[in-house]
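Thanks for making time this morning.

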Amino acid sequence: MSQEQTQTENKVMTKKLFVVVIIMIAFGFAMVPLYDVFCQITGLNGKVNGLAVYEEQEPDTSREIKIQFMTINKANMPWDFRPVKTEIVVHPGKEYEVLFAVKNRTGKKMVGQAIPSFSPNLTAQYFNKTECFCFNQQTLAAGESEEMPMRFFVDKDIPERYDTITLAYTLHNVTPDDEQLQAAQ
């Protein structure tokens with residue numbers, strides 16, 4: 001193979017690699033909006049509806065749906081976090097309130113953020129929160145405890161096949177680094 005032929009092939013390969021790099025960068029930027037759309041559709045990672053507005057309505061008393069509550073702490077989150085009641089039975093169309101207890105077991109101020117997820121995943125689109133501690137970060141002083149409310153209703157359009165919904169909250173440590181450093185000193 002001649003040197004000229006090798007240089008031509010190298011230029012073609014360089015152009016192809018450059019195009020692949022540009023496509024990969026574009027795909028990387030597109031992943032966040034694509035992930036958000038995927039989560040909105042499936043209910044994964046709790047990315048559904050946002051804040052719902054409850055309008056007084058006649059509940060469907062012919063149906064009962066069991067709502068189970070679970071809590072999980074990420075490894076770097078030293079708080080106690082639990083539902084006050086682990087399950088309740090609800091009627092679609094009626095608004096309910098449940099409480100979650102949290103306690104900062106450390107000797108420093110910390111910030112936590114709860115991320116919801118649902119099982120079965122598709123039930124998330126029928127579970128409407130009108131008030132939730134998960135909408136905002138929670139700041140607790142050293143040793144402080146609190147009961148945090150979550151108000152919700154299950155949409156009356158939920159398919160009959162769903163008689164149990166599990167709502168799990170994962171609590172993450174989102175304390176800003178500067179506060180972590182100040183507390184460590």
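Let me begin with a question: is E97 buried, partly exposed or exposed? E97 counts as partly exposed, at 43% relative accessibility, where buried means under 20% relative accessible area, exposed means over 50%, and partly exposed lies in between, with a 1.4 Å probe and protein chains only.

Before going further, please keep in mind that this is a predicted model, in which local features need pLDDT of at least 70 and side-chain atom pairs count only at pLDDT 80 or more, whereas totals for chains, interfaces and linings use all residues. Residues are numbered from 1 along each chain as its sequence is written, and side-chain values use heavy atoms, with hydrogens and water left out.

Staying with E97, its side chain meets that of R151 in a salt bridge, at 3.2 Å from N to O, the criterion being a side-chain nitrogen of Lys or Arg within 4 Å of a carboxyl oxygen of Asp or Glu. This pair links distant parts of the chain, with R151 in strand β8 and E97 in strand β4, 54 residues apart; helices (H or I, at least four residues) and strands (E, at least two) are DSSP runs numbered from the N terminus. R151 also forms a salt bridge with E95, at 3.1 Å, N to O, and because R151 lies in β8 and E95 in β4, this pair ties together parts that are 56 residues apart in sequence. E95, E97 and R151 are thus linked in a network of salt bridges, and R151 itself is partly exposed, at 26% relative accessibility.

A search of the whole structure finds 4 salt bridges. One of them joins the side chains of E160 and R63, at 3.6 Å from N to O, and here E160 sits in the loop between β8 and β9 while R63 sits in the loop between α1 (3-42) and β1, 97 residues away. E160 counts as exposed, at 63% relative accessibility, whereas R63 counts as buried, at 7%.

Now to the sheets, where two strands are taken to pair if DSSP finds at least two bridges between them. There is an open sheet of 4 strands in the order β2-β4-β8-β6, with antiparallel pairing, and its edge strands are β2 and β6, each of which pairs on one side only.

The structure holds 1 disulfide, formed by C132 and C134 with their sulfur atoms 2.5 Å apart, where the definition asks for a pair of cysteine sulfur atoms within 2.5 Å. The torsion about the S-S bond is about 130 degrees, so the disulfide is right-handed. C132 is buried, with a relative accessible area of 7%, and C134 is buried as well, at 10%.

An open sheet of 5 strands has the order β3-β1-β9-β5-β7, with mixed pairing. β3 (87-90) and β7 (138-140) stand at its edges with a single partner strand each, so one side of each is left without a neighbour in the sheet. Within it, β5 and β9 run antiparallel and are joined by 8 bridges, and A114 stands opposite L171 in β9. Most peptide bonds are trans. The one from S119 to P120, however, is cis, with omega near -10 degrees, and P120 lies in the loop between β5 (110-119) and β6 (127-132).

Where do the sheets contribute to the interior? Counting contact as heavy atoms within 4.5 Å, and leaving aside residues up to four places away in sequence, I67 touches several residues, including E87, I88, F152 and I165. E87, found in strand β3, is itself partly exposed at 40% relative accessibility.
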